[in-house]
Every structure is written in structure tokens, then in C-alpha cells.
Amino acid sequence: MHKTLLQILESKFEISSEDVESALEFKADKGGTIGEILMRKKIITETQLLEALSIQHEMPFWPELPLENLDNDFTRHVPIQFLKKFIMVPLETAQPTLSDDFREQGTGTGDLDKLLPGEVIIAVNNPALFQPVDDLARLLGIRNCKTVLSTRKTILSAINIAYDLSQDSAQQLVQDMEENGATIISDIDSTADLLDDTSDAPVIKLVNHIISQSVKARASDIHFEPYQDSFKVRYRVDGILYDLLTPPKWIQASLISRIKVMAKMNIAEKRLPQDGRLDIRIGNQQIDVRVSTIPTSFGERVVLRLLNKSSSLLYMTDLGLVPEKLNLLEKLAKSPNGIILVTGPTGSGKTTTLYAVLSSINKPDINIITIEDPVEYQIQGISQIQVNSKIDLTFARGLRSIVRQDPDVILVGEIRDRETADIAVQSALTGHLVFSTLHTNDSASAITRLVDIGVEPFLISSSVIGIVAQRLVRVLCPHCRKSYTPNETALNSIGITLDQIKDYTIYKAAGCVKCFNTGYSGRIGIFEIMDMSESLKHLILKNFDAGRIKHEASKLGMTTLRRDGIQKVLQGVTTIEEIFRVTQQ
């Protein structure tokens, strides 16, 4: 006698009778399957539901799919939309390709031994979809197939990987263009999803491939660099530039023209710098692309800044702050008035930190207005203004208008001139909390910069309540990092000794497939927070030398950037080389 799904769930996962009754009432009222209702109410997880369905339908459940030898030949015959609609993917497997590690992972994987050589596995998320599975088998001419269950995320990931792998390689696309001898520049808009683009024009395929590969590698920028006899494409991953492709020089004009068409820029104008933007989608990722061109001696140089809008905003706890500094920054952010400055070079994560702070204090009873260049993330409940130099909407002019909008908190993207600085100071002195950024090396240098801009020291000491300096360091890949004992020269470079590390394990970067052989995966911040105490304010009135201010702040307990970096090294988060790279003076 076959058990119902509800009976299996009750016996296997001990669901309470109250939860069952609630789910049955919901089903009677609004319809739907009992499994989906329980999952929507967070009573069970998707994995638990699939395990129960596996028992009910006597169908193996594989939490992971064997993608090492993925045969993507089916991508030429099956539209990606069809597979994504029904959430299923074919996996051809010829024994014995599956590793022992994989065999140990899932429920029901013992059935792998029963597979015939070359038998096709079709992974589905819903075991009741018989017709689409039959259609897929008929479409691919499959005679022997076995159906398995897997999670929605795993199947969609396998679909994206298969169609990504099926895209011609960059080198192959370049070779095709060379064989054709000429290229086609299409004036159509970029498709919604680059993986769905079926254009035959080699230059379009090449641009799409470069962008999709860069997104896959988590790149923040793509550089197209022309030289006298060569043309180079590079991308920046975790702050470091890597070579991606070196196409022949004659492809340069076609490639750059295609990018300018996508960004709706003037392709005929090659003598002046231009800026543009475009929105693209790759799989389920929304990418905002800022395009910048400048004329050089050997042609136009183009840089694409990639902003993944699908990635969620970070919380303050995700930034890399130690608990003591996190509490200090939270205390500063709750101040009723004053200026909080975040300093560091371009690309050091200042905006991300400010967004995290704003999100933490964003409540219905607080009016927050920002003026930025550009607005990188949309935050619900916050009014954000985009600087526009063409209509003379500068930071200063926008800030002057913001003050008349009854704000509690103001974010100024950057203090660039005396007018902006003066309005920010006056806003802080009249009861507003102002956040802004400066391009200085450390927290103490921010005071010197404000004086250089033209702000009086007594105004600085009475308005600035805190300065945060930060850098981004690459995080060691957890899959391939290696422990070692560093030599004294390496330790001396960041100011520590062998005695100080004797109780810690120090790691270095190695490199593996999961981190693209870089040894690092992602970045984290190191911070220096200067809380403006009374003694520091008195010092600024007498002397605004950055060295003196930093020395006094350190005596009062401020942790410098380098000391914070050393703590990250001792915790095994990053390497000595990374700390030296970002903190060397």
C-alpha cells in the first residue's frame, strides 16, 4: 500500500498536527499542493519535500548533479527557455564517469550502478511532469533514460553551466572572424539574456562571451586596451587585473563599435571621451554596465564597469569589522548630528560601507536623502539623487536643495570642493547627520584634506564626529589555502615578529579551479576608525598635521589599518602579501 505524501512527511519529519491542519485549510481555501504549501510556510525545506517525493514516486533524489563530464550537445537542439520553464536538465552519463565522492553525497545514488552505458539521466524538480520529460526525450532522440529528482537551484545552475559551456570560446570566435575576413556590426539592442542570444555575427558573439565570462569570474571591470601593434582585453577580479584575451589588432574597431552600439553611444565620434550605460541579464543575474571611452594614440580605449544588481546589499556585520569596531561605528551612526567621513582610494569599498550603514539606520521615522555619482544601489525608503553635470546638478547644488527637504540624514557621495564642504559642515552644525567620502590614505589625513580645501579647523573640530579609513583585501580561497611558516623578511614588511605568530597558523595562496587559480575568493575590509574625542578636537584646533593627529589617536586606542590587517592574517582570512600591498605607504 502506497503512502500519501502527507503521511511520508509526517512520519519522516515529525510535522505537528497543527501545521498539517493549517496547510490543509490553506489548500482548501486557495488550492495548491500540500508540499508547496508546507514549504511556503517554512514548515519543511525543499530538500525535505524532495526526499519525501523520492520515497513516494520511488525516484532517486540527488542533491548534487554530476557535472564534471557534462555533455552539452543538447544545447544545440533544446531552447534554454524550455528547460528553465519546466526546471529539468538532461545529463548523459557513460559508466564509470561518476566519482566515489559523488556516490556518497545523495539519496538514492546507489541506483547509479544500474545505469546502462550511455543511458541518459533527466533531472527534474517536479516528478509529476511526465509530458515535458517525454517531449524532451523525443526531441533529443533518447531511448534509454532515467529520471531523478534534484533541487530547483541545482538544476537551474546545471542549465546555465551547460549553455555557458556551449558558447564558443573567445579564441574560437576570434578565429572565426579571421576566417570570415570581415565582421558585421549589428545596430540591434542587446538581448535581455546574453545566454539566449542566437546572433550569428561573430563580433556580437565575442562581446557577449567576454561579458558573460567576466561576470562568471566575478570581475568588476573589463578593459579594452589598444596599443601600436596589438589589442588587449583584461578584467579586474578582486582588485587585480588579469589578461583575458589578446585578439588581433584589426578586430579592435569592430569590437569597440559593437560596445558603443550596445551603450547607445555615438559610434562616429572617436576624438572625444564618451560615457554610456546598458543593462544586461545573464541567467538570473541583472548587470548594470557603465561604459567609458577615451581616445588614445592607437584608437579608443574602453572600460566597462560591471555592477551586479542581483547581489544583495551587505549588512554592517558582513563588512569585516571586529565586534569592538562594529559597536563604535553603530554608535557613531546613531548620533543625532555631525559628519562621518569614510576615506580611502577609489575602489576601496567606501560606498558599500556607507550603504550598509544607511541600511542599518533606515527606519520609517527617519528621512534619509542622498546625492551620489552614480547611484549604485537602489535602497527602499531612501530618496537618492543622481549628480548630473550636464544640467549643473553638482554635489554642492544638490546638497543645498536637500537641506530644504527636512532631512534627518544626508549622504553626500564625495566632498570635492570648498562649497560642498562648507554646506556639509553647516548641515551638521544645524542638526543633521551627514555621511560623505574623501580620497585620503588614512583617517588622520582627512583632517588635513579638509583644511586644504578651505574649511576652518574650529569648524572641523565642532562638526566631524568620526572618520573611517578602509581598504579591501582579498580573502584566501578556503579550498586551496596552504599553511606555512613565513620568513622574517615577510613578517618585517608588515611589522610583526616570529614570536607574535607562534600560536597562530599563517596561510598563503595556492590556486585551484574554484578560485580561477588565483588563490583568493572575494574581498573583505580592513578598517581604521578615528572617534573624535575631546583631546583630538583640542589638538586639531592647534595643529592639523596628519602625523601628530594619527599618533594621538593611536595613543587613545585607535587600531590602524595595518594592525587590523595583521589580525586578519592571524585569523587565516588573508595573506601577509595582501596586507603589505594595500597598506604600504
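The model is a predicted one, in which local features need pLDDT of at least 70 and side-chain atom pairs count only at pLDDT 80 or more, whereas totals for chains, interfaces and linings use all residues. Residues are numbered from 1 along each chain as its sequence is written, and side-chain values use heavy atoms, with hydrogens and water left out.

The chain holds 22 helices and 18 strands, taken as DSSP runs of at least four residues (H or I) and at least two residues (E), respectively, and numbered from the N terminus. Of its 585 residues, 47% count as buried.

Seven strands form an open sheet of mixed pairing in the order E12-E11-E13-E14-E10-E15-E18, where pairing requires at least two DSSP bridges between two strands. Strand E12 (383-386) and strand E18 (520-531) lie at the edges, each pairing on one side only. Strand E11 (residues 368-372) pairs with E12 in the parallel sense over four bridges, and Glu372 has Gln386 of E12 as its bridge partner. Helix H15 (residues 418-429) packs on this sheet and touches strands E10 (338-343), E13 (409-412) and E14 (433-438), a contact being heavy atoms within 4.5 Å.

Definitions and conventions: Axes fitted to C-alpha atoms, helices over the stretch in contact; angles between N-to-C directions. Buried < 20%, exposed > 50% of the residue type's maximum accessible area, 1.4 Å probe, protein only.
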